[in-house]
Structure formats: structure tokens, C-alpha cells
Amino acid sequence: MEILAGLMQGFAVALQPANLLWCLVGVVLGTVVGIMPGLGPPATIAMLLPLTFLMNPAGAMIMLAGIYYGAKYGGSTTSILLNVPGESASVVTCLDGYQMARQGRAGAALGIAAIASFIAGTVGVLGLMLVAPPLAKVALSFSSPEYFALMALGLAMVVLLAGRSMVKALLAMLAGLWIAGIGTDLFSTTSRFTFGRMELLSGVDFVVVAIGVFAIAEVLANMEAREETRLLPVPKGLRNLLPTVQDLKDCRFAFANGSVVGFLIGVLPGAGSTIASFISYGLEKAVSRRRERFGTGVVEGVAAPEGVNNSETGGALVPLLTLGIPGSGTTAVLLAALVLWGFKPGPLFIPENPALFWGLVASMYIGNVMLLILNLPLVPAFAQVLRAPAFVLYPVILGISIVGVYSASGSLFDVALLAAFGLLGYVMRKLDYPAAPLILGLVLGGAMERALRQSLMMSEGSLSILVARPISAVMLSLALLILLIPLFTKVNAWRLRALDS
Amino acid sequence: MKEIAALAVMAFAGSFVEVAFAQGFQPTRPIEVVVHTGPGGGSDLLARAVALMVEKEKLLPVRMQVVNKTGGGAAVAAAYLAEKKGDPNTIGFFTGVWLTSPLTSAEARVSLKDLTPVVRLVLEPAVIAVKTDAPYKTLADFVAAARQHPGQLKQSGGSITSRDNVVRQLLQKHTGARWAFISFPGGGERMAALLGGHVNMMVIEPAEAGEHIRAGNIRVLAQVSDRRLSGFPDVPTLKEAGFDVPAVPQVRGVVAPPGIPKENVAYWEDVFLKLTRSNSWRKFLDDNQFEDGYQNAAELARFYDEFTDRMREILKDAGIKTVR
Amino acid sequence: MARKFGAADFYSGLVLAALATYIIVQARQWEYLGPDGPGPGFFPLWYGIAMAALSGVLVLSSAWREKSAERVEWQKIGRALAVWFALAVSVAALKPLGFVASFAALTFFIAAVMYRRPLALAAAVAAASAAAFYVLFPLALGVPLPAGVFGF
């Protein structure tokens, strides 16, 4: 009842014409910065902070949050069309989304991404509304050993991302761990693998590697053939540009998976949506009946990660609003905005500012509907991009990649690294090394090492801390189970062959 | 987005008129303000808040534009400023890490001493906090427990060169007790580790602590400050609690590229002095529980040396190799 | 020239083994276990060892795998490497020439040389896309791009 009353109050705030307008402005801006690689919500929100002083706090909060979750909608666009991850959380979307585009199903992929975003985004808000305070308490019981187990679970997904050779997938993952280790060690300030370059002191930005090995390598591989003047087929007719009923049916589990995994991992301040998207993709593949077709353009492979990164925003707002704890760059800027407006974010924020909290929640329901209405008609329009001839499109992809990397860090060194990783991605492809495990190792490596070392500090060196805590024990066993999957299938194959002969 | 930014500029456009200064130097282009953190980081937020206040108080004829040059602790931002040698329209916001990262990383070649000092702006005090259900009522309780179980109590904090660890090293040296320091990259994770009971103690910014105290989650044992903060009238300072160690503040201020004429430095000193006397500034300090740390360029240069010497000694005590 | 497929695994395995050796040698110089817990050498040592072991497996297995006679198409690889080289040159030119000029040059190269489009068409495409980037990013979105001697 209390929640219902709160929600009524919230809609009364969110439906005021001015706030509706700010919500629209926020989600439109969010979509735009999401589409542009490198241009992320934290920078956008920081740029708009001065403007928010002219607005009332509810409207400002509604708009800034709109940028935050709106960007997650836009992030899939370049991933699917150009194999350029628009946001870090959209890297996984490239795996199947771009393959769908290659088969002329770009429209279906974009459409399913928008629908998955809408469903999961709404579930995320539901979670924020219903279980925020109790869930925040649970999240606090999560500490380094649990994070280590979560990262190990993520890393185990490598067996699901492997191509023909498990050894090569594992090697690519280890190379990812190594790249993640470049930079200054947080615990001891030791410089590791920096080759004397100060630019490497804070490590290699994951976006640089992802855009390099996905987008640049893809362009290089496509440049091999001279004849191909058109990048990808685009079917005629509006109907062929949207997902089919069968697509929606195929995604039933992916919608639920993305919504739940994204929200739960989003609540943890030390995890993040990129990790969540890998885990939901792995989960989707593990339970799928057509496991072998993942990575060739299955629609669930788009729905799960795109759902995740939207429900994650709802989850990430839980520790921010209930405890004043930010888990990411974007939530840190939102926290700063609250302080600048004169609020005191912390455990008492929601009870003392119910109108603001409920207004925000209500506006997020409205914003997600706006985003769906906004994004679906854009799908056919975006799909037309692929009609451009190759000699126009390929340079544009290279240009967008450069701009994306440069605008994220302002560093020409990173642009040079981008070119280097583009070559690495091309060579890996030629030698049949899968790229996804490299990215996986890179995303998880740093957090995994930190969590392991923190855990061992907490236990004064005893590894038992990792298995003595129930949540971490469960996740580690799950990770082990996933690692054993290929072994079982191999044993099974041997057995069948033995029976045959 | 540009349009909206332009709107924001127009809203403040009135403020650009009627600004006149006696000095010879006047900025002609928008001021590029270099910070070493990404959007949402401490320096970034301070720089943006200052830009806002400078506009509100009409202290500059041009806009201030924050530029994030992240990487290498502060090495990339410092090197970028050094490259802008002689550029009158660029300044940077520094923190203590600009002085410490050249001490620990051979790759960080540009130190604050290679740049032109302008002013010191803010001192951020800190408080020492434990969870409410912890058995320690005073800092002495905590130290006694740490002495009884060497290495078993834990403190969550940032990097090992951060102020959190400096306070720990000083206290350990003073008392002979020993407890572990666990690094977390994000402030949120540090706080979550304390609230979840995974660590025993944390050195925390007063503004961040305030809300958790009000909600009854944490208790403050002592404040790392020379005099009691307005928000914590009943909490003893380190000295009052019986620990005669220097209250190391987190320091923030402004530098300029090398090769800047004296009159430019004087101009900036004047702008920031006016800023620190404004009402917006006082409210900003109050909201964040910061202390006014204004020092002019000459004092700041002396402060560099004191700070660097103290850091070098602390790092040595902590067993960390210094390269310079 | 016909290279055998197994050779790719063999040589890439050797390269990775070299990387693993480098990682292990470096990691051995850093503290493995400190007074408070594992040091900076702890994690790298273990993934270095894992990498060394797996690259060994790859090298050995490539030696007694059946050699496939799949031909390596050097002409295609040459095209891809030519484009990469052009990209590398234009990245190096970002600082002196700025984004707009070096991106236009890259576009022109790909259209005129790689795809053999008429020079006039290639030049038009190069100019148009460079202009579009300039209008979209610095002007409309306020995203700074590297500027060179021309001021853009």
C-alpha cells in the first residue's frame, strides 16, 4: 500500500508537463550519446550540470537519469550496424548483433535490442521500487571473496565463448588478463608492464581494445576483397526490418535472464554492467538448445546483454539512493549532482525526500516507454546506413572508432594503441584466435586480481575465505561446473566414437 | 547538446559584462582547466564547481572549460600542462597525488615543481570512523585492540599513497600498533566494505560520513584536523585524542603551465582570492565540510617541499620504494 | 607459397610462449607475498605460468596435427595490411595535420587506391565525410577532435 501511495505521488510529480519535457530531453540526449562511441553518460551529465541549477531538482534528476538509461538504448546501434561497441556494456552485443546484420537482419537485431531494453529497463525500475532498501543490505554482505567468485564465474564463461580450439580461447583470455595487468598496481604502486610509458601507468582502456579488435579488425578483414561494394544486405520492406514473432518467442528466456542478472549485478557497487552482460550472455548460451549457433547471429545473443545493461541502471541506483554509494562513473556524477543541489545522499535520502525518489521512479517508467516509441521507428532508418557503398562506409567506421577513442580520453597515445589493437585483432582472426575471450579477460582481470588480494588480506593469507562464505562457495562451484562442460561433451564424443568403432 | 550548453552559457551571459581588472593580463579565450580524473572524480567535480562559482560571482571575462586528461595517477595531466608551456589560457587543478606519483613511478616525469604554482585552495580534513556495532568507543580502544592482535584489524582505503594510508602509517609509527590496509579503487567500495563489516575502520571524508552517522550506521572516533570541524563539535581531533601526529589533509589547488609571466600568476591569485572570499565559496566549503586552504603562489611553492619531504619519509616507513 | 595450417599454431604458440616468459621474468622481480597479503607479483606469476603451459600445448599439438593444405592468400592479406598501414600513417598524422585532414586523406586512399574509384569521386567522398565529421562532432556535439597546423 505504501508503495502504491508512493507511486501515485511519484506520477503526480513525473507527469507535470515540465518534468515530462525534461524526461524527454534526457532520454533523447541519452540515445544520442549512447549511439556515439566514446561519448558516454558521465561526460554528458558533467557538461550539463551547470544547466541543472536553473531547473528544479526533480526535473534535473529526471533528466540526468534519462541520459543515464537512455544511453544504454543507443549503445547497441553501432555495435550491431558497424561492430563498433557504442558503450562498454554493448561489447557483447557485437558478437551476435553484428552477425545478424551481416545476414541482412540488422533491423531485427536493433528492434530486439530496443524491446529487450524496454522490458529489462522496466523490470529494473520495478526492482528499484520494490526491494531497494532490503536489497542494499544484502549487497553489503557481498565483499571481496564474493567479488572474486563472481569474476571467476565470469571467467569460466570463456569455455562458452571458445571457437574451434579451447586452448586458443584460453590463451586469448590469459592475454586479456595480462593487458588488464598493465599499469600501476593499486596496492603497492609498482609499475607493471608499462615499458617506461607514462601513458600506460593507469592501464589500457578497455574501450580501446574492444573497438580495435572488433571494429578495426572487421574493416581490415573486409578490405581483403576488392569486389564487394556493398557492406551488408538490407532487405526491402518494413516488415523485414523488424523482429518476427518467432524472434520474440526465441527471446522469452533472454528477456527474463537479462532483467534479473542485470538488476542483481547492478546492485553491487564493485561489478558493473560489462561483467553483467558477459555473464548473462554465457548463461543464455549455457541453457540454450542451439548453443552451437551462438556467435553466428542468434537473436537471444542480442536480447540478453542489451536487457542486462538496461536493468543494470535500475540496480545501480539502489546503492546510490539508499546508501549514497556510487558504483560507477555515471552514478558518481549523479551523486555529485545531488550534493550540488543541496541534498544529502545517504541512508536517509529516500525517507526525507519521498517526492524526489518516487518522482524519479515514475519518470523511469515513462522514460522507458518514450525510449521504446523513440527507438523502434529509428530502426529502419538506421538499417539504411548499411546501404552505403563499402568505400564510403569503411572509412567512416575507422573515423568513428578514432573519434570514439579520442573523445573518451583525449589522448593520441590511445588512438595509436587503437591502431595496434586493430592489427592484433586482424592477426588473431587470421590465426583463428577468438576475440571475445581476450575482452573477457581484460574486463575481469583487474577486478579479479584486486578481489583475490583483498580477500587474502582479509583472511590473513588463508585461501579458505573463498569457500567458507556461502555465496562465494556457490558461485565458485558454478564456475567449476561451467568449466567442466566441455570436458563432459568431449568425453561423450569419445564414448560415442568408441561405440561406433 | 551544444545547443543546451549554449543555452547555459546564455543564461550566464549577463555575467560576462562589466568585468574589469587593473592588471595587464586578461584571458582572451575560454580557460582550459585540466584535471587528472574522469568526469565524477574529486578534481573534476571541484573544477566544475569552481567554474560555476566563478561564473556566478563574475570573476572572469571568459568561460572555464574542464578538460579531463586521465591516466598515470596524475602523470598524463601534468605532462599535458608541461607541453602547454607559456599558454596563458590553461590552468590545472592538482591534488597531493601530483606530488606523490612522481615519487613512486619512474614513468611520471613531470612533477608539480616543473609547473608554475598558482594557489592552494582547499584542505579536505577527514574523520576516522568505525561501524556503530564495533566495540571501539575511542581511537585509543581501536589502537589497543590493534596492538593486542597485530595485523588482524583492517582498514579500507584507496591507494597506498593516499591520505588514508598516510594517517595509518603515522598512527602506527606513533603507537607501535599494526593493522592491515586494504585498497579499494572506488570510494563506494571502501564504504561498502566498512558498512558490511568486512573491515574494521576507515578514514573518510566528513561530508560522506555525515549521513551515515545520522542514520546510525557508523561512529566517528577522531577527526584528522588541527581544530574541530563545525559538523563534528563533540569529536576529538587526533591531538586531543592523545595521538600527537600531524593532521595530514588532502590538498587541492591550482597550477599553470611552465613559462608563465608573473603578472598572469598575480591575476590568477587575485581571481581565486576573490573566489575564496565569496558567499558561494563559503557555502561550498560548508556543504562539503572542506577547509579553506588558500595560499598564494610563493607559499604554495614552499608547501610543495614540505609535503614532498613528508611523503618521502612516510613511503619509506611503509616500505615503498621511491624512485626520486 | 603454400604454408601449412599447423604452422600458424606453431609460430603463434612460440610468440605466446615468449610473452609468457616475459611475464614470468617480470613477475619474479615483484613481491610475491607481502606482510599484509599477496604482492604485485602474485597474480601475474600464475597467469604467466598458465600461459606458458598452454602455449606449450599449442606448439606441441601443432607439431603432430595433420597438416592441412589450406593456402594462405597473401594477396588478400596484403590488401588488409595496406589499409592498416594507411590507418597507422593517418593516426601518426593526427598531431601535425589534425583529424579532418588526415581522415580525408585516409578516406581518399581507401576509395581511390583500394577500391579503384575515379579520383574525382574519391576526392568528393573524402571531403564530404571529413566535413560531416567536423560538423557532427566538434560543432554539433561539442566533442573536441585533434586539431593540427590548419587549426581544425
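In chain B, B:Ala126 has B:Val224 of strand S9(B) as its bridge partner. The model is predicted. S5(B) and S9(B), the latter covering residues 218-224, run antiparallel and are joined by six bridges. S5(B) also pairs with strand S8(B), residues 201-204. Three bridges join S5(B) to S8(B), and these strands too run antiparallel. Here B:Val127 is placed opposite B:Ile204.

Strand S5(B) spans residues 126-131. Five of its six residues are buried, so the strand is largely enclosed by the rest of the structure. Buried here means under 20% relative accessible area.

Chain C was examined as a whole. Its secondary structure consists of five helices and zero strands. From the N terminus on, the order of elements is α-α-α-α-α. The radius of gyration of chain C is 24 Å, whereas a compact globule of 152 residues would have a value near 15 Å. The C-alpha trace of chain C spans about 60 × 55 × 20 Å along its principal axes.

Burial and contacts in chain C were also computed. Of its 152 residues, 45% count as buried. Contacts between residues at least 6 apart in sequence were considered, and 59% of these join residues at least 24 apart.

The chain exposes about 7,900 Å². Carbon and sulfur atoms supply 72% of this area. Chain C carries 11 positive and 6 negative side chains. The centres of the two sets lie 17 Å apart.

Methods. Residues are numbered from 1 along each chain as its sequence is written. Chains are lettered from A and ligands numbered from 1 in the order in which they are written. This is a predicted model: local features need pLDDT of at least 70, side-chain atom pairs count only at pLDDT 80 or more; totals for chains, interfaces and linings use all residues. Side-chain values use heavy atoms; hydrogens and water are left out. Buried means under 20% relative accessible area, exposed over 50%, partly exposed in between (1.4 Å probe, protein chains only). Helices (H or I, at least four residues) and strands (E, at least two) are DSSP runs, numbered from the N terminus. Two strands pair if DSSP finds at least two bridges between them. The radius of gyration is taken over C-alpha atoms; the globule rule is 2.2 Å times the number of residues to the power 0.38. Contact means heavy atoms within 4.5 Å. Accessible areas come from the Shrake-Rupley method with a 1.4 Å probe; for residues, only the protein chains shown count as cover. Lys and Arg count as positive and Asp and Glu as negative; His and the chain ends are not counted. The place of a charge is taken as NZ of Lys, CZ of Arg, CG of Asp or CD of Glu.
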